[in-house]
Protein chains: 2
Amino acid sequence: MTNSRITIKDLAERLNLSISTISRALNDHPSIGKKTTKEVKKLARELGFTPNTMASNLRRNKTQSIGVIVPRIDIHFHSHVISGIEETAYRLGYNVTIFQSRDSLEREIAVTEILQAKRVEGVIACLGLETTDSRHFARFNEIKIPLVFYDRVSKDVESSKVIIDDFDAAFRATEHLINTGCRNIAHIAGNRNTDIFKARVKGYKAALLKHDLEANENLIQYTSELSYEEGATCAKKLLTVTPLPDGVFCANDNTAISAIQVFKKANLRIPEDIAVVGFSNYPISSIMEPTLTTIDDRAFEMGQTAAKLLIRQIEDKDQNIASETIVIKTDLIVRDSTNRNPKG
Amino acid sequence: MTNSRITIKDLAERLNLSISTISRALNDHPSIGKKTTKEVKKLARELGFTPNTMASNLRRNKTQSIGVIVPRIDIHFHSHVISGIEETAYRLGYNVTIFQSRDSLEREIAVTEILQAKRVEGVIACLGLETTDSRHFARFNEIKIPLVFYDRVSKDVESSKVIIDDFDAAFRATEHLINTGCRNIAHIAGNRNTDIFKARVKGYKAALLKHDLEANENLIQYTSELSYEEGATCAKKLLTVTPLPDGVFCANDNTAISAIQVFKKANLRIPEDIAVVGFSNYPISSIMEPTLTTIDDRAFEMGQTAAKLLIRQIEDKDQNIASETIVIKTDLIVRDSTNRNPKG
DNA sequence: TTGTATGCGTTATCAG
DNA sequence: CTGATAACGCATACAA
């Protein structure tokens with residue numbers, strides 16, 4: 001019966017009022033009489049009137065929507081970030097339209113164009129793996145659309161950024177191993193060219209330095225993408241080092257998990273013989289045996305922060321849109337894989 | 001320099017053409033001369049013109065966008081479904097706006113209203129846990145907006161549905177245990193009132209029946225939400241049953257994982273003493289020890305199917321929008337937790 | 001407190 | 001092949 005095509009014009013005719021009065025009543029404009037406002041809203045409800053935001057948006061030149069570009073939605077980290085974004089966007093009255101680049105540069109570029117046409121009011125993005133040149137995002141600056149990167153951020157275009165303090169996290173993870181008695185600590189590292197992984201190596205080294213432990217290069221195993229398989233390979237190599245490491249800081253949970261499995265197969269006890277710390281706090285880390293000490297990457301909070309930052313910039317558009325970089329402090333989650341009595 | 005405010009009117013003035021010509025040229029209308037079309041497009045590119053989809057949408061009464069409501073984005077299953085939705089929506093020229101109900105009925109209702117105002121052309125939803133009465137979705141039928149549920153579907157409102165064949169999956173999982181030599185098979189079940197879990201119990205029983213095995217009620221352990229902790233409790237109870245079960249079919253991976261841990265602590269060998277099958281194929285299941293035989297729930301494919309179905313309905317609007325229920329066949333992924341030589 | 005008139009940027013219906 | 005003009009549904013400056 002009642003169908004969606006009801007407009008304020010229909011309401012106006014029914015009530016013998018002008019459409020402006022209807023419009024104002026619906027928006028609780030102070031100049032409209034209480035009684036009129038009530039009547040209008042009542043009829044609107046009865047008729048199942050739903051305002052057409054397209055029209056309203058066109059008129060106000062607003063869309064109340066933000067665009068999000070992630071490499072893949074189904075990666076735990078990204079889905080957590082998105083969850084944080086949606087949560088705060090919802091509370092602040094924005095909705096979020098999602099795109100996956102699937103790590104394809106071509107698609108990432110195509111999506112930036114769609115986002116412009118869609119007139120989103122702001123963009124949150126994490127660069128895809130293929131993206132070395134991110135100038136396709138520069139257009140957003142030209143047309144004054146706020147842009148916030150998280151995790152994999154752009155060097156080519158000015159923008160706000162939300163990242164975690166990888167150096168600090170790695171430092172604390174390593175120091176935790178030291179505090180728990182480890183003296184010969186290895187590191188399974190990520191790609192040598194990626195900033196966040198470089199920072200983790202530095203944090204690891206700095207912690208050793210602080211405690212007068214030597215940073216032995218052959219205790220650092222680099223991988224290309226921190227895969228589960230690479231972790232196993234690295235762990236096996238570490239088993240050939242003498243003296244055997246008594247602790248390992250891994251740059252993610254995948255490698256930590258496979259390292260632990262390799263060590264267990266070699267009849268080493270975790271954490272007594274080798275303690276292990278991971279990075280990211282995957283769901284599995286609290287379930288596996290032993291449970292894994294790891295760095296919580298605060299994905300949800302990153303999303304919240306990115307959304308807050310973005311929306312602030314959207315709504316302060318007149319001001320100088322100063323780019324801002326927010327560094328989120330991480331938590332060390334201590335579990336069984338490092339639970340041993342400190343010795344020495 | 002070039003900013004977003006360029007409109008077809010600007011292009012028209014620059015080229016001394018009418019806005020209709022510009023509009024048509026931009027849309028490759030056949031009646032416009034090749035040369036003109038080329039010139040228009042060239043200038044548009046130079047000036048960084050981006051069509052205002054808001055205006056176009058208002059005019060055409062289209063939005064090219066679909067709304068998705070999920071309980072939580074950061075649950076592995078849902079993020080996979082969303083990924084499938086986004087993937088096919090993108091290919092078909094739609095974009096997806098995402099909302100989380102966070103299992104709150106109030107929020108779910110609020111979101112359905114936002115979706116109406118946003119004039120999305122279709123809705124894909126998975127009901128939240130609080131939702132027993134889903135009549136707030138009925139409005140979409142009234143205003144002829146196609147609606148597709150997945151996984152947790154509505155009984156109250158007519159709609160299309162995409163679900164997996166839980167009975168068949170459970171049947172095959174149980175039969176696999178039988179084929180691998182198990183004769184005394186237990187089941188860790190979900191909530192007694194939820195359709196999908198009831199179907200899994202039935203599938204389990206049917207497999208036993210087919211192979212002339214008795215369905216012993218005390219081998220079925222019901223849980224309320226299939227949590228990791230409940231799985232452990234059930235597993236401990238199963239250890240007190242005589243004769244000890246030689247196989248367990250669990251209604252999800254969480255309970256399978258904790259059951260395996262309990263069994264291992266009790267010095268039982270997996271799969272030799274007890275074989276275990278899970279349900280969902282979480283990432284962890286291929287990593288844990290032993291790797292877990294499980295049912296792949298085809299989340300990504302569910303998303304693709306839901307999106308295809310929805311968009312077909314959107315574009316066939318004139319036809320009678322027959323509700324359709326699609327049942328997706330699942331895969332049994334055989335891994336080490338059931339890898340034993342069939343005996344008897 | 002309410003009404004009139006105009007325009008947001010497009011597309012579509014007419015003519016020419 | 002091209003142009004003038006009227007919508008789409010709403011918000012608002014200006015009047016009354």
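Modeller: Keep in mind that this is a predicted model. In strand β8 of chain B, V248(B) is the bridge partner of A186(B).

Biologist: What makes β6(B) and β8(B) a pair?

Modeller: Pairing needs at least two bridges. Strand β6 (residues 185-189) of chain B is joined to β8(B) by four bridges, so the two count as paired. They run parallel.

Biologist: How do you know that β8(B) also pairs with β9(B)?

Modeller: By that rule again: three bridges join β8(B) to strand β9 (residues 275-277) of chain B, and at least two are needed, so they pair. The two run parallel. In β9(B), V276(B) is the bridge partner of V248(B). Between these strands the chain passes through helix α11 (residues 253-265) of chain B, and this β-α-β crossover is right-handed.

Biologist: Which way do the residues of β8(B) point, and are they buried or exposed?

Modeller: G247(B) and F249(B) point one way, while V248(B) and C250(B) point the other way. All of them are called buried, which means a relative accessible area under 20%. In a regular strand, side chains alternate between the two faces of the sheet.

Biologist: What makes β4(B) paired with β3(B) and with β5(B)?

Modeller: Three bridges join strand β3 (residues 122-125) of chain B to β4(B), and three bridges link β4(B) to strand β5 (residues 160-164) of chain B. Each pairing is parallel. With at least two bridges required, both therefore qualify. A125(B) stands opposite F149(B), and Y150(B) stands opposite V162(B). In β4(B), L147(B) and F149(B) point one way and V148(B) and Y150(B) the other, and all are buried.

Biologist: Why is N267(A) called exposed?

Modeller: N267(A) has 68% relative accessibility, and exposed means over 50%, so the label applies. The residue lies in the loop between α11 and β9 of chain A.

Biologist: What is phi of N267(A), and what is phi of R298(B)?

Modeller: Phi is near 65 degrees for N267(A) and near 60 degrees for R298(B). Both values are positive in a residue other than glycine. Most residues other than glycine have a negative phi, and most peptide bonds are trans. R298(B) is in the loop between β10 and α12 (299-315) of chain B.

Biologist: Where are there cis peptide bonds?

Modeller: One runs from I270(A) to P271(A), with omega near 5 degrees. Another joins E289(B) and P290(B), with omega about -5 degrees. P271(A) sits in the loop between α11 and β9 of chain A, and P290(B) in the loop between β9 and β10 (294-296) of chain B.

Biologist: What makes R107(B) and E86(A) a salt bridge?

Modeller: Their closest N and O atoms are 3.2 Å apart. The limit is 4 Å, so the pair meets the rule. The rule finds eight salt bridges across the interface of chain B and chain A.

Biologist: How many residues are in contact there, and what area is buried?

Modeller: 56 residues of chain B are in contact with 56 residues of chain A. About 5000 Å² is buried between the chains, 51% of it from carbon and sulfur atoms. M54(B), Y90(B) and R119(B) supply 14% of the area that chain B buries against chain A, more than any other three residues.

Notes
Residues are numbered from 1 along each chain as its sequence is written. Chains are lettered from A and ligands numbered from 1 in the order in which they are written. This is a predicted model: local features need pLDDT of at least 70, side-chain atom pairs count only at pLDDT 80 or more; totals for chains, interfaces and linings use all residues. Side-chain values use heavy atoms; hydrogens and water are left out. Buried means under 20% relative accessible area, exposed over 50%, partly exposed in between (1.4 Å probe, protein chains only). A crossover is right-handed if, with the strands pointing away from the viewer, the path from the first strand over the helix to the second runs clockwise. Contact means heavy atoms within 4.5 Å. Buried area is the accessible area (1.4 Å probe) that two parts lose on being put together, summed over both. A salt bridge is a side-chain nitrogen of Lys or Arg within 4 Å of a carboxyl oxygen of Asp or Glu.
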